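Okay, thanks for coming, everyone.

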Amino acid sequence: MESRIRIDYSALLPFVSEEDMAGRQERVLEALGVLETGTGAGAEYRGWIRYPETVPREELRAVGEIAAEVRQEAEALIVVGIGGSYLGARAVIEALGHGFAPLLPAELRAGPLVLFAGQNLNGRYLEELLEAVGEKSLYVNVISKSGTTTEPGLAFRLLRKHLVERYGERGAARRIIATTDARKGALRKLADTEGYRSFVIPDDIGGRFSVLTPVGLFPMAAGGIDIHALLEGARAMMAPCSVPRLWENPAALYAGARNLLWERGKSMEILVSFEPKLLLFAEWWKQLFGESEGKEGKGIAPSSALFTTDLHSLGQWIQEGPRTVFETVIRVGTEAGRLAVPADASGMEDGLGYLEGKRWAAVQEMAYQGTKIAHHQGGVPVMVLEVPRLDAGFLGQMIYFFEKACGISGYLTGVNPFDQPGVEAYKNNMFALLGKPGFEKQTAAMAETRKRFPRGKVV
């Protein structure tokens, strides 16, 4: 059985030839070298590269102990965060947990219900969240480097009030776990003042690369995920993704191929899976590549699709729309799943009798093969990430693979893959509109812009 994930690039041909890739090898390895040696922009945020093998033992022990307490005492854990502060943990929990966990009796779940807040500004969402948790035994994990980000900051205010009203100040403090900066920031100050137990966000790891730090490890462990297997999987990819030879380094090969496709007019990448449990993993992937590459007028637009579901919506566009797209398919091994198509004695003429007795996994495999061939014939280059099975080890491999490929790809594109200056634009406008002190100049600038689209232009 395969011990690690692998890239199959055969369906890139003839859109990208092996000769094309060989001609790109020097540039790709140069970008890999810049990432490895820390000689590029944003080098101070490369701590994630070695973190799977350097994670402090005492930190892992604390994660395990507090997570065990939460699993023992809590019926629900609410994780408060936005972007990289919640996407990775949610992706892993949904990938490895039971697909219908909220409907299972508590004794059949691996841990408490893990719910999320602070990833939007919708008041109804929070009202319904509080209704859903009701009188359930509740813990909160608030994740923020600064403690001043609007969305999680407001959600935490509400949830802290809820906990204090139910458990009192001391009881609430025991049920709040903060993941924040080691020394500074509003949340660090509050955690120290109130006596919250806390975990540290490493200074040299940015949010979208933080899933394998306590940012992701604690909520995952509380949700019953084997974080040691996850980290072991990430460690297993460290050496292969550092090899200075293009054809032996899957992350470099993937980064080089997508960069070459981008230069040839393929401006959108669709991450595809036939596995519904990877729906949120695709959201994590979109943030990773979107924030890392989309700047200075550059970058591939990251999109995602769940097949066969989206073949009945996006499929027509992918098959015959503008030839500006390529696909990366996460193909999970088909050995899992024993469900077979039953015989039908009802007499219904549905035309599906020829599938009787076939395993669902075998039917899905043929759907994958047929789709891959159709899209290739339709002019869509396809890369395939072969994943032997969906477990914590292989998911850890996937996380590290995409993180390493993203760093290489960013430098190939010619941008700093570790900053996100454009994210501040909407925030500054929002602060000005809400009357936050210090944003008066922004208010004036917006007023000038809004003259171009005055109110009343409606039909």
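This is a predicted model: local features need pLDDT of at least 70, side-chain atom pairs count only at pLDDT 80 or more; totals for chains, interfaces and linings use all residues.

Let's start with the inside. The largest nonpolar core has 91 residues. Which members touch the most others? Those are Met220, Phe281, Trp284, Ile330, Phe401, Phe402 and Ile408. Helix 14 gives the most to this core, twelve residues. For background, nonpolar side chains in soluble globular proteins tend to be buried together.

Now zoom in on phenylalanine 402. Buried or exposed? Its relative accessible area is 0%, so phenylalanine 402 is buried. If you skip residues up to four places away in sequence, phenylalanine 402 touches Tyr254, Leu271, Phe281, Trp284, Trp285, Leu288, Phe289, Ile330 and Leu385. Quite a few of those names come back when you follow the rings: ring pairs link Tyr254, Phe281, Trp284, Trp285, Phe289, Phe401 and Phe402 into a cluster.

On to the ring pairs themselves. The count of aromatic pairs comes to 19. One of them is phenylalanine 156 with tyrosine 196, an edge-to-face pair at 6.5 Å centre to centre, with 85° between the planes. This pair ties together distant parts of the chain: phenylalanine 156 sits in helix 6 (residues 150-175), and tyrosine 196, 40 residues apart from it, is in the loop between helix 7 (186-194) and strand 6 (197-200). Both phenylalanine 156 and tyrosine 196 are buried. Then look at phenylalanine 401 and phenylalanine 402: the ring centres are 4.9 Å apart and the planes sit at 65°, so that pair is edge-to-face. Phenylalanine 401 has 1% relative accessibility, so it counts as buried.

Helix 9 runs over residues 227-238, so to speak, twelve residues, and spans 17 Å from its first C-alpha to its last, close to the 16 Å expected. Its buried residues are Ile227, Leu230, Leu231, Gly233, Ala234, Met237 and Met238. Why do I say they line one face? Looking down the axis of helix 9, the buried residues fall within an arc of 155°, so they line one face of the helix. What do they pack against? Helix 2 (51-54), helix 3 (57-73), helix 4 (87-96), helix 8 (214-222), helix 10 (250-263) and helix 14 (392-413). At the start of helix 9, a side-chain oxygen of aspartate 226 comes to within 3.2 Å of the backbone nitrogen of histidine 228.

Helix 10 has 14 residues and reaches 20 Å end to end, C-alpha to C-alpha, close to the 20 Å expected. Twelve of the 14 are buried, so helix 10 is largely enclosed by the rest of the structure. Tyr254, from the ring cluster, is one of those buried residues, and so are Arg258 and Asn259. At its start, a side-chain oxygen of asparagine 249 reaches to within 3.1 Å of the backbone nitrogen of alanine 251. Just after helix 10, glycine 265 takes a positive phi of about 95°.

A charged residue next. Glutamate 69 is in helix 3, and at 19% relative accessibility it counts as buried, the cut-off being under 20%. Which side chain does glutamate 69 make a polar contact with? The side chain of arginine 174, at 3.2 Å. Beyond its neighbours within four places in sequence, glutamate 69 is in contact with Ala74, Tyr139, Arg174 and Arg197.

Leucine 13 and proline 14 are joined by a cis peptide bond, omega about 5°, and proline 14 lies in the loop between strand 1 (6-8) and helix 1 (18-37). Phenylalanine 307 and threonine 308 are also joined by a cis peptide bond, with omega about 10°; threonine 308 is in the loop between strand 8 (301-306) and helix 12 (315-320). Glutamate 296, a residue other than glycine, has a positive phi, near 60°. Glutamate 296 is in the loop between helix 11 (279-293) and strand 8, and its relative accessible area is 60%, so it is exposed.

That's my tour, over to you.

Conventions
Residues are numbered from 1 along each chain as its sequence is written. Side-chain values use heavy atoms; hydrogens and water are left out. Helices (H or I, at least four residues) and strands (E, at least two) are DSSP runs, numbered from the N terminus. The expected span of a helix is 1.5 Å times one less than its number of residues. Buried means under 20% relative accessible area, exposed over 50%, partly exposed in between (1.4 Å probe, protein chains only). The arc is that of the directions from the helix axis to the C-beta atoms. Contact means heavy atoms within 4.5 Å. A polar contact is a pair of N or O atoms within 3.5 Å; within protein, one must be able to donate a hydrogen and the other to accept it, and residues adjacent in sequence count only if both atoms are side-chain atoms. A nonpolar core is a set of buried Ala, Val, Leu, Ile, Met, Phe, Trp, Tyr and Cys residues joined through side-chain atoms within 4.5 Å. Rings of Phe, Tyr and Trp (its six-membered ring) pair if their centres lie within 6.5 Å; planes under 30 degrees apart count as stacked, over 60 as edge-to-face and the rest as tilted.
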